[in-house]
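Subject: Structure for you to look at

Hello,

Here is the structure I said I would pass on. Please open it alongside the notes below.

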Amino acid sequence: MDTVLYDYWRSSASYRVRIALNLAGIPYRSVPVDLVKGDHKGADHLDRNPQGFVPVLDIDGLRLTQSLAILDYLDNTRGLNLLPAEPGGRARAMALAHAIAVDIHPVCNLSVAAEADKMSGGRDGARQAWMQRFIRPGLIAFETLLARFDQAPYCCGDTPGLADICLMPQLYNAHRWEVDISDLPRCLAVETACAAHPAFAAAHPDQTKPA
Ligand SMILES: N[C@@H](CCC(=O)N[C@@H](CS)C(=O)NCC(=O)O)C(=O)O
């Protein structure tokens, strides 16, 4: 059965799932849902996901939404070892991932940022200021949390895990919105390691942007 990912090239949540599919070695077909054109608000996509978000993954006869739930499914069915087995380490590694996926990402989502633009009266630079306002403090806290782990070379050890999968798309966004992260050496070291990993490299937005 075909594995199909409904995604958008610049979507962080889609990027997470692309990384995990690549780590699992699962071939998949991408069906772009253009967020800029508003395709996610159309009846076809709302039928796939009543929340109107990407990603949506069709796999193993299931239709799955919510990137963290999808990552959990892939981890459990494909043995990706995305989290430490020891409960304390597992909770802390999940906290890293959630610091990004649950706390930074939602306030920087397209619909939220667009609403902030609207409330600013469409002021020049408002979108960028909004992104910087939330991404930089979120990543500073993430950098401090990372100090509890050995980056060897990934966030929590020698294999890529859930925290790396959440961090890389967030760093992509940080660069996109010119957020200063030059003083976050742990994040930068993890970024270098992940960028060299084929599963991460193939999932990068520049590799998946429709022609
Ligand atoms: N918690 C959801 C968030 C999904 C999400 O926010 N997707 C964004 C793209 S990264 C989206 O579809 N945004 C559309 C919008 O804001 O209207 C997940 O992790 O899958």
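The notes below go through the domains, the sheet, and then the helices.

Please keep in mind that this is a predicted model.

Domains

The protein is split into two parts: domain 1 covers 4–80 and domain 2 covers 87–201. Their C-alpha centres are 19 Å apart. To the contact between them, domain 1 gives 15 residues and domain 2 gives 18 residues.

The sheet

There is an open sheet of four strands, ordered β2-β1-β3-β4, with mixed pairing. At the edges are β2 (29–32) and β4, each of which pairs on one side only. On average, neighbouring strands in this sheet are turned by 20° against each other, with direction ignored.

Going through the sheet in order, β1 pairs with β2 in the parallel sense, over four bridges. Here D7 stands opposite P32 in β2. Strand β1 (residues 4–7) also pairs with β3, this time in the antiparallel sense and over three bridges; Y6 is the residue opposite V56 in β3. Finally, β3 and strand β4 (residues 62–65) are antiparallel and share four bridges. V56 turns up again in that pairing, with T65 as its bridge partner in β4.

β3 and β4 make a hairpin with two residues between them.

Strand β3 (residues 56–59) is covered on both faces. V56 and D58 are buried on one side, and L57 and I59 are buried on the other. Note that an aspartate, D58, is among these buried residues.

Helices on the sheet

Helix α1 (residues 12–24) lies across β1 and β3, and runs at about 155° to β1. Helix α3 (residues 67–78) also packs on the sheet, where it touches β3 and β4. The direction of α3 makes about 130° with that of β4.

A helix pair

Helix α6 (residues 126–146) packs with helix α7 (residues 162–176) at an angle of about 145°, and the axes are 11 Å apart. The crossing of α6 past α7 is left-handed. From α6, the residues in contact are I135, L139 and F142. They meet A163, L167, Q170, L171, N173 and A174 in α7. By class, this contact has seven nonpolar residues, two polar ones and no charged ones.

Regards

Technical notes. Residues numbered from 1 in each chain as written. Predicted model: local features only at pLDDT ≥ 70, side-chain atom pairs only at ≥ 80, totals over all residues. Heavy atoms only, no water. Axes fitted to C-alpha atoms, helices over the stretch in contact; angles between N-to-C directions. Left-handed = near helix turned anticlockwise from the far one by under 90°. Contact = heavy atoms within 4.5 Å. Nonpolar A, V, L, I, M, F, W, Y, C, P; charged D, E, K, R; others polar. Buried < 20%, exposed > 50% of the residue type's maximum accessible area, 1.4 Å probe, protein only. Pairing = 2+ DSSP bridges. Domains from an automatic or database assignment.
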